[in-house]
Amino acid sequence: GLISDKTVGKIFPTVTQAQDWNLILVNPWNPLLSGHEVTLEYFNSSHRVDGRIIDDLQAMMDGARSAGLDPVICSSYRTVDTQKRLFAAQVAKFVEQGYSLEAAEERAAMEVAVPGTSEHHTGLALDIVARSYQMLDKNQENTAEQKWLMENSWRYGFILRYPNGTTDITGI
């Protein structure tokens, strides 16, 4: 079964302080710890990621391509400053639609991580889409690339963190 991140935080309160670099948990209930450092390297000369995932990421992308698919990375590591800009832009969109600032911030937090709570700050998170459909929306799961990733990413040490229909579990 699935378990809520809120429950995980109660059961495993020190998971964000785990010594294993690949067990870090960053989400709305577990902000990135201050002083967190990551050694970034370029993947395919365009996306920065934690250097420790490059070999597995390359193997996964090669596996998808061997299956006749064309996955592309649309986002990878983000600084907190970049996340601040993305979040502020989403808040502004909702304010323009007539939401109060408080309501706009709450609504924006459902779609864009609040700065300091994005897994992209770790260098371990990527958004991978089909070249033929590059929108990060629920229809992405209908692409052959996303279906392949959902079925196979775990073989390479990755998971789909926010599948459709899990907002009550993930908060996103």
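**Exercise 1.** Find out how many contacts beyond four places in sequence the model has for residues 1-17.

Solution. Start with pLDDT, the predictor's confidence in each residue, from 0 to 100. Over residues 1-17 it stays under 50. Next, count contacts (heavy atoms within 4.5 Å): the model has 21 of them beyond four places in sequence for this stretch. A word of caution: where pLDDT is low, the predicted coordinates should not be read in detail.

Some ground rules: this is a predicted model, where local features need pLDDT of at least 70 and side-chain atom pairs count only at pLDDT 80 or more, while totals for chains, interfaces and linings use all residues. Residues are numbered from 1 along each chain as its sequence is written, and side-chain values use heavy atoms, leaving out hydrogens and water.

**Exercise 2.** Classify the pair formed by the rings of Phe-94 and Tyr-99.

Solution. Rings of Phe, Tyr and Trp (its six-membered ring) pair if their centres lie within 6.5 Å; planes under 30 degrees apart are stacked, over 60 edge-to-face, and the rest tilted. The structure holds two aromatic pairs. Here the centres are 5.5 Å apart and the planes sit at 80 degrees, so Phe-94 and Tyr-99 are edge-to-face.

**Exercise 3.** Now decide: is Phe-94 buried or exposed?

Solution. Buried means under 20% relative accessible area, exposed over 50%, partly exposed in between (1.4 Å probe, protein chains only). Phe-94 has 3% relative accessibility, so Phe-94 is buried.
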